[in-house]
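Take a walk through the fold of this protein chain. Start with the backbone, then turn to the side chains.

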Amino acid sequence: AAIHPADAHRLAGAIVGSSSLCLHSHVAPSVLLIGCQKCGSTSLFTDMQDHIDGTVQAHVLPGEKVHFKKELHFFDVRRRYRLGIDFYLSHYPRCPHDGRPFFGVDATPKYMRIPGIAAKVH
């Protein structure tokens with residue numbers, strides 16, 4: 001089911017507030033969309049992009065597979081995690097200077113299944 005416009009507005013206000021979460025000059029993910037595989041996370045992710053202004057997803061870096069656009073696998077893939085926070089944030093756009101709030105989304109379902117991920121994120 002799609003997000004109802006009124007619910008989308010409330011969700012956006014709760015997540016974003018009045019400013020973007022910026023780290024190292026990039027919009028940082030303020031939403032980690034985790035869950036089981038095949039449980040509707042892609043639908044929720046698409047609905048957020050379609051109905052909540054300011055939703056930004058990651059972009060792939062040269063040489064990366066296209067699935068990293070939605071699922072960054074930063075906290076669960078050791079070689080990516082070792083590249084550091086600047087590598088992670090480089091997947092997101094630079095922070096806006098026009099006052100419009102944006103929020104990044106990392107939708108990697110596997111984060112839920114691996115012990116220790118929550119500690120890494122924190």
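The paragraphs below go from the order of elements to the sheet, the helix across it, the cores and the aromatic rings.

This is a predicted model. The protein chain has five helices and five strands. Read from the N terminus, these elements follow the order α-β-β-β-α-β-α-α-β-α. Of the 122 residues in the protein chain, 39% are buried. Take the contacts with a separation of 6 or more: 75% of them join residues 24 or more positions apart.

Now the sheet. Three strands form an open sheet in the order β3-β5-β4, and the pairing is parallel. Its edge strands are β3 (29-32) and β4 (55-57), each of which pairs on one side only. On average, neighbouring strands here are turned by 40° against each other, direction ignored. In general, strands of a sheet pair through backbone hydrogen bonds, either parallel or antiparallel.

How do the individual strands line up? Take β3 and β5, which run parallel and are joined by three bridges. Leucine 32 has aspartate 106 of β5 as its bridge partner. Then take β4, which pairs with β5 (residues 103-106) in the parallel sense, also over three bridges. Glutamine 57 stands opposite valine 105 in β5.

Is β5 covered on one face or both? In a regular strand, side chains alternate between the two faces of the sheet. Both faces of β5 are covered. Phe103 and Val105 lie on one side, Gly104 and Asp106 on the other, and all four are buried.

With a relative accessible area of 31%, glutamine 49 is partly exposed. Beyond its neighbours within four places in sequence, glutamine 49 is in contact with Thr55 and Gln57. Glutamine 49 and valine 105 are 56 residues apart in sequence, yet their C-alpha atoms are 9.6 Å apart in space.

Now the interior. In soluble globular proteins, nonpolar side chains tend to be buried together. Here the largest nonpolar core has 11 residues: Ala28, Ala58, Leu72, Phe74, Phe75, Phe87, Tyr88, Leu89, Tyr92, Tyr111 and Ile117. Helix α4 (residues 85-89) gives the most to this core, with three residues. A second, separate core has eight residues, including Leu33, Phe45, Val105 and Ala107.

Tyrosine 92, a member of the largest core, is worth a stop. Leave aside its neighbours within four places in sequence. Tyrosine 92 then is in contact with residues of several stretches, among them His26, Val27 and Pro29, then Val56, Gln57, Ala58 and His59, and also Leu72. Its contacts also include Gly104, Val105 and Asp106.

The rings come next. How many aromatic pairs are there? The count is seven. In one of them, phenylalanine 74 and tyrosine 81 have ring centres 5.3 Å apart and planes at 50°, so the pair is tilted. Phenylalanine 74 counts as buried because its relative accessibility is 3%, and buried means under 20%. Tyrosine 81, at 31% relative accessible area, is partly exposed.

A second pair joins phenylalanine 75 and tyrosine 111. Their ring centres are 5.6 Å apart and their planes stand at 75°, so this pair is edge-to-face. Why does this pair tie together parts that are 36 residues apart in sequence? Phenylalanine 75 lies in the loop between β4 and α3 (78-81), while tyrosine 111 lies in the loop between β5 and α5 (117-121), so their pairing links the two. Phenylalanine 75 and tyrosine 111 are both buried.

Ring pairs also make a cluster. It links Phe74, Phe75, Tyr81, Tyr88, Tyr92 and Tyr111.

Finally, look for charges over rings. The charged end of lysine 120 sits over the ring of tyrosine 81, at 4.4 Å from its centre. Arginine 80 lies over the face of phenylalanine 68, 3.8 Å from the ring centre.

Key: Residues are numbered from 1 along each chain as its sequence is written. This is a predicted model: local features need pLDDT of at least 70, side-chain atom pairs count only at pLDDT 80 or more; totals for chains, interfaces and linings use all residues. Side-chain values use heavy atoms; hydrogens and water are left out. Two strands pair if DSSP finds at least two bridges between them. Axes are lines fitted to C-alpha atoms, for helices over the stretch in contact, and angles run from 0 to 180 degrees between N-to-C directions. Rings of Phe, Tyr and Trp (its six-membered ring) pair if their centres lie within 6.5 Å; planes under 30 degrees apart count as stacked, over 60 as edge-to-face and the rest as tilted. Buried means under 20% relative accessible area, exposed over 50%, partly exposed in between (1.4 Å probe, protein chains only). A charge sits over a ring if NZ of Lys or CZ of Arg is within 6 Å of the ring centre and within 35 degrees of the ring normal. A nonpolar core is a set of buried Ala, Val, Leu, Ile, Met, Phe, Trp, Tyr and Cys residues joined through side-chain atoms within 4.5 Å. Contact means heavy atoms within 4.5 Å.
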